[in-house]
Protein chains: 6
Amino acid sequence: MEDMNINSVKAKVLTAALPYIQKYNGKTVVVKYGGNAMIHPLLKKAVMSDIILLKLVGINIVLVHGGGPEISSMLERLDIPSRFVNGLRYTDEETIEIVQMVLSGKTNKDLVSLIEQLGGTAIGMCGIDAGMIQAKKLEGDYGYVGDITHINTEPIENAIANGYIPVIATVGTDLDGNVYNINADTAAAEIATALQAENIITLTDIRGLLQDVDDPDSLISTVTMDDIPTLMERGIISGGMIPKIKGLEAAIKAGVKKAVMIDGRIEHSILIEMFSDEGIGTMFTK
Amino acid sequence: MEDMNINSVKAKVLTAALPYIQKYNGKTVVVKYGGNAMIHPLLKKAVMSDIILLKLVGINIVLVHGGGPEISSMLERLDIPSRFVNGLRYTDEETIEIVQMVLSGKTNKDLVSLIEQLGGTAIGMCGIDAGMIQAKKLEGDYGYVGDITHINTEPIENAIANGYIPVIATVGTDLDGNVYNINADTAAAEIATALQAENIITLTDIRGLLQDVDDPDSLISTVTMDDIPTLMERGIISGGMIPKIKGLEAAIKAGVKKAVMIDGRIEHSILIEMFSDEGIGTMFTK
Amino acid sequence: MEDMNINSVKAKVLTAALPYIQKYNGKTVVVKYGGNAMIHPLLKKAVMSDIILLKLVGINIVLVHGGGPEISSMLERLDIPSRFVNGLRYTDEETIEIVQMVLSGKTNKDLVSLIEQLGGTAIGMCGIDAGMIQAKKLEGDYGYVGDITHINTEPIENAIANGYIPVIATVGTDLDGNVYNINADTAAAEIATALQAENIITLTDIRGLLQDVDDPDSLISTVTMDDIPTLMERGIISGGMIPKIKGLEAAIKAGVKKAVMIDGRIEHSILIEMFSDEGIGTMFTK
Amino acid sequence: MEDMNINSVKAKVLTAALPYIQKYNGKTVVVKYGGNAMIHPLLKKAVMSDIILLKLVGINIVLVHGGGPEISSMLERLDIPSRFVNGLRYTDEETIEIVQMVLSGKTNKDLVSLIEQLGGTAIGMCGIDAGMIQAKKLEGDYGYVGDITHINTEPIENAIANGYIPVIATVGTDLDGNVYNINADTAAAEIATALQAENIITLTDIRGLLQDVDDPDSLISTVTMDDIPTLMERGIISGGMIPKIKGLEAAIKAGVKKAVMIDGRIEHSILIEMFSDEGIGTMFTK
Amino acid sequence: MEDMNINSVKAKVLTAALPYIQKYNGKTVVVKYGGNAMIHPLLKKAVMSDIILLKLVGINIVLVHGGGPEISSMLERLDIPSRFVNGLRYTDEETIEIVQMVLSGKTNKDLVSLIEQLGGTAIGMCGIDAGMIQAKKLEGDYGYVGDITHINTEPIENAIANGYIPVIATVGTDLDGNVYNINADTAAAEIATALQAENIITLTDIRGLLQDVDDPDSLISTVTMDDIPTLMERGIISGGMIPKIKGLEAAIKAGVKKAVMIDGRIEHSILIEMFSDEGIGTMFTK
Amino acid sequence: MEDMNINSVKAKVLTAALPYIQKYNGKTVVVKYGGNAMIHPLLKKAVMSDIILLKLVGINIVLVHGGGPEISSMLERLDIPSRFVNGLRYTDEETIEIVQMVLSGKTNKDLVSLIEQLGGTAIGMCGIDAGMIQAKKLEGDYGYVGDITHINTEPIENAIANGYIPVIATVGTDLDGNVYNINADTAAAEIATALQAENIITLTDIRGLLQDVDDPDSLISTVTMDDIPTLMERGIISGGMIPKIKGLEAAIKAGVKKAVMIDGRIEHSILIEMFSDEGIGTMFTK
């Protein structure tokens, strides 16, 4: 009889998810995946399981990933020095070649492979494929760091229509065939905007936006667009947070309903966020 | 922090459902709904929630229902005596009129209404609509009790293709416009067969098939087609069980993969059955 | 040789129908069906034949029906008193249950059955199915009498696309699952409006709109929207006529091209109306 | 009131056509059109009306026509002598040019024009268009008289799918661009076969197949495939009748359900044939 | 080895065509075909080859043709005198009959036949088919010379969608079934306008628009809409050129991107025009 | 005038390609791309131009590529020793990681980028994407060298249906997520087989199959399946040629119509092969 009770609890949990599933059914959700959640194997598997589950319950998941640590490690193995300017990797011709190769050939395909092993069906793409991410050189002296000029959503929409989970490596390209390193947070936000996504979820290595960066319990649950200037002035949004939040802000202003920054270190944080009222992390809304 | 732990447990439960969802995704499952699960309001709501959830995770649910108690109650109110012959309601002209009206106008539409309230989209039909259940008079003297001659799956398949949950009241018809009372277990089995369903689930008021009808712990978990003759000889399958099991047997022989008889009195028994390895109740297979 | 002459006359009649068929081909026509034409078996059969013929010649017929007499008779059998307030049936909880059951389970399915016997293909639906007729309580003290807030045309359009004649029982529903009794004339007019129908035809028990209600020869053939206020002032439109004509007026103002009120007691009055220049009954136009 | 009675009779006639319309709905019927029915303007208009009516009630009509008299008249005007060998026009290079021009440019387009004037939509084609009628030189010395080797049904089916009545002039072609004069009876039978038509109707200048060619009352109503050898031996099928009946025989053997030869001189003979049980003329069946 | 060098040159030529093919891929181009290019057999074959090639590389070619010489020759053979008023053939009832017959039955089908022989698939149509070219009597006393009132693009678009090259004979029609002789240049321009074509190419018997009509080297390469009034004043556009250029002007004003008048006497002039930067002949643009 | 003559020659070349374009229109052709044609930038550009041209003229090109030299160079930079066993690279865990990364992240995306720069639209995929190339460990001790067990053509067919040129890197995968290095010749042959391609073209660094490996003029133009055993016995097919030819043989036996091995060092060799009768290189047929 015990088993039945456990199963009965399980059934109640599933039923409790019903309204959330109904809410997102048929909607597009962009997940920006990076940081520790991408390095730790168990967490990686948990994130991919969440994504497959969301796909199966009828949510059009688009996975956008970075791959900083794998790039750094490969550059190191090849004795190519990494240099950062204003928090951005300076990307010379030799470096962009490695960035493209590692992001679209290693990180991207490893994620696709993991989704397939867990029973999902994914297709890996980078911004070069079907000219998906059009970019130009970012102003300033960063080498082949790109500024997005246009997102061609067609290959992403085709993948969704064919039942695949699109997994996107964020290198961009221009009409002359130059390849650019694109900040994955920015790319995810622009892709969400172009797809008129319902939601963008960013996995990070912190609890969310914190009043006091050293106190994980000082989490700010909700941020409206009007709060952002003050939060910047007060230095609560600072450093690497600035481009992330600029991207989310732009997406929301362009019609994405909700943007959330959640802690990728918590197992199944995506499901907890999407399938509970309180959510976790920091939610940005209009 | 406590909330997060609870949510984390919930997330694990959802993730644990993933392989079952993958297994049934895109498949057709016929649910035969009757008995206490249909009378008790909370159970009724739980069954409809389960059905909406299954629909949302990509399973093509077809709900086939009876309505004996509501028919009996209406006949009583109208002073029409109920008479049973070999366990079947003798159905004269006055009775079949009431059967049709209550089943397709009350029970059927009440179920559709409940599904709509819970956020699903359903369409109620009876065997008369688009000539779905073709029948002739059952041999013997039962009045307008029908024997199915043909199932026209088109209106059911149209409903599925349009994203609706088809809810089916089991009255049948012939070319002369006679209406027949059809046993809902038989109809569900024939519909499952015609739709080449993956699975047929029958909600009953007992734990399943019992070795000893008075001992709920004597449940028989699995029955193969070869076991049935012996179980009949030994009287374990008897009385009202015979037509139910004859129907399931025919469905399995015609290609339905699995037929399960589960206890509708247990809340969310459908989910427990479909989303766990052990299942509940009695499973019939080839 | 005589037969050939008769056949030759028949052929000429058919050919004479050609321009009318051409005119309505591919258009949607809503037929509001009620009154004596619905009670007398021969008339009922003639109306259904007309509808099947119109469907076959490429007109998208939508049949909307009432069922007052059958409701009254069932209420009487159940000793539930009928009470009318301002010409509307006061509908308490017990009554609405019977209204829903009789309209969607008896009247509706009997019409579907008759169409099928005559070789057509129909699907019966009520306003609860796929949330087709959304309603709220009508202002005033009428109990569960509904005021339409929205028509979801999707299930009707699906039925048409699948080649079926949709037959609609006019009970409505709200998001809390309350069921409402809806005036069939009003519902037909709102459905015609929502479907952007070409034409709405109302079968009644009189010749049409009469100058002198006691003189069937005082028929008014044509009424424009501008005539209506005067006709009301003069009492020519009065009593039960008011809601009927209000509905037709609203439909025409919303783009339905023509609304006709014809005498359902004349056999094949629908065909005569649609397939002759003079028509019969009263035509309402812009 | 008189008008109403007339209209009521008309309505009854229309309703009487219902079962025949139901029978042919969605089926393909090839009409071979030639002879007097093609020359006399009133008859021509009556035939075109019938065809439009049949199209509108959902029958896929394909009109195949000859044009002997118009060809002869043009040849005469151009002082090109007509020569017949075994009942076939000997067709030299100069003649085939005129045959093609008159059939596809005059007869064909005049028929299309007439259909359009009567409110139908037609598209004229000849066997050259999209390589529809592939042919080779008929054995024997007839010049450019063709023997059909293949029918490409694609352009005909496209026309039907686009809602047009295809009107076909029976000149054929081979891969070298030679054009051939094709017997219209044979072409109609081959087209009916290739389209797997339900029915082929041939309009002639006699009552049908007659026991005694001089006695119009000696009509043979029904001929089965087994009767044909005897009818030939006895000379009842003879002369120009032989190729006509050979064609119908081949069509029926290839699956066309019914072939009828009717009197094109009787107004609306097509409607009388299709919309009455007895039909007119001679019916050929398996 | 020599062959390889030749092949290598050929390959380079093909590759050089790539940007032009890319430019026109999926676009609609109307070719007005007439004059010497239509009479000389080798030129005729070269034009048809070009058209098939353009169709195969993904350009939707629509071929609009005249047929003056063939009409004149037939009228002469029939002793019907040709009379010209203001450069237009006076078209009495007898003449229009011959015009229709020759254009749609001879010229049109001969072109279709030639395309088929060369491996393409074409369908011949005239303005009567599916009421494609609606016209009324041209003002002035020209008999059955027509002024286009409406182009029904549906049959042309159907032909394109079905993979055929539509070949169009320019006779028009009105609702009373009158047939009109339509200037082919005007018809081609109106068809290009109605189809929102990218380009209209007119094959003529001169090098293009010449400064000095007697000096073929005085070709004007480009004419903008603003140049036209001056060119008319100066008499450079005069005589039969006026209607041609009026048509092109109207097409360009209605959105056709480019109109070119090229020398049909040069073999493959269409390919040279479309697949080289300089083009040949005179180009008209906004 | 000179230009015109050159253009006229060009037009003749284009016209000469017409029958070849007609022959392959709508067919699928797999191009195996490797060797020098892949290293030399000008040749690389020429091959991509050819492919875009073929795509534009309606041929469904699928590009399958290897990348040996780029892999070797990266392994060298990373000080990972390359070891070959029976002509196959021994592939340990560290090596397969690099193989996957270089092939799918560098070679593949560089090709896609080049196609895009030249005006085509391509999508890069590897065997991991949507589980396209299923493989198991090749028998023998080669590490992660794979033996294809199944090709999932769906992602390739989707790419074609969406108008893209699929560019495929030949790494494979199994259900446990192991990645395998797959011989590109074998993969191309299996993909051609699975797609039921018309044709497979292999670009190599030699003239074709040579009687005498040192004499480029000893080219064998045609090889039938029956010739292969003898050619093997006589050592004319030997070494690295064996797997290439085994693959082509299997493809032809499975229904691919023609397999050609051509010299990738000759500019536009694909066009020369496809658009001339003699072709170049060695053709393998049934």
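Predicted model: local features only at pLDDT ≥ 70, side-chain atom pairs only at ≥ 80, totals over all residues.

Colleague: How many residues does helix α8 of chain B have, and what does it reach from its first C-alpha to its last?

Modeller: Helices (H or I, at least four residues) and strands (E, at least two) are DSSP runs, numbered from the N terminus. The expected span of a helix is 1.5 Å times one less than its number of residues. Helix α8(B), residues 241-253, has 13 residues and reaches 18 Å, close to the 18 Å expected.

Colleague: Which residues of α8(B) are buried?

Modeller: A residue is buried if 20 or more other C-beta atoms lie within 10 Å of its own, exposed if 12 or fewer, and partly exposed in between, with C-beta atoms placed from the backbone. In α8(B), the buried residues are Lys244(B), Ile245(B), Gly247(B), Leu248(B), Ala251(B) and Ile252(B). They fall within an arc of 155° seen down the helix axis, so they line one face of the helix; the arc is that of the directions from the axis to the C-beta atoms. On the other side of α8(B), Ile242(B) and Lys253(B) are exposed.

Colleague: What do the buried residues of α8(B) pack against?

Modeller: Two residues are in contact if their C-beta atoms, placed from the backbone, lie within 7 Å. The partners of this buried set include α6 (184-194), β11 (199-204) and β13 (258-263) of chain B. After α8(B) comes Gly255(B), with a positive phi near 115°.

Colleague: Now sheets: in what order do the strands run in chain C?

Modeller: Strands of a sheet pair through backbone hydrogen bonds, either parallel or antiparallel. Two strands pair if DSSP finds at least two bridges between them. In chain C, eight strands form an open sheet with mixed pairing, in the order β5-β8-β2-β1-β11-β13-β14-β12. Its edge strands, β5 (122-126) and β12 (222-224) of chain C, each pair on one side only. Inside this sheet, β11(C) and β13(C) run parallel, joined by six bridges, and Thr202(C) stands opposite Met261(C) in β13(C).

Colleague: Which strand pairs with β5(D), and in what sense?

Modeller: Strand β8 (residues 165-169) of chain D pairs with β5(D) in the parallel sense, over five bridges. Here Cys126(D) stands opposite Ala169(D) in β8(D).

Colleague: How many residues does each chain give to the contact between chains F and A?

Modeller: Chain F gives 30 residues and chain A gives 30 residues. On the side of chain F that touches chain A, α4(F) gives the most, with 12 residues.

Colleague: Last one: where in chain D is Ala130(D) found?

Modeller: Ala130(D) is in the loop between β5 and β6 (133-137) of chain D, and has a positive phi of about 50° although it is not a glycine. With 22 C-beta neighbours inside 10 Å, Ala130(D) counts as buried. His268(D) is not a glycine either, yet has a positive phi of about 60°. This residue, His268(D), lies in the loop between β13 (258-263) and α9 (269-274) of chain D.

Technical notes:
Residues numbered from 1 in each chain as written. Chains lettered and ligands numbered in written order.
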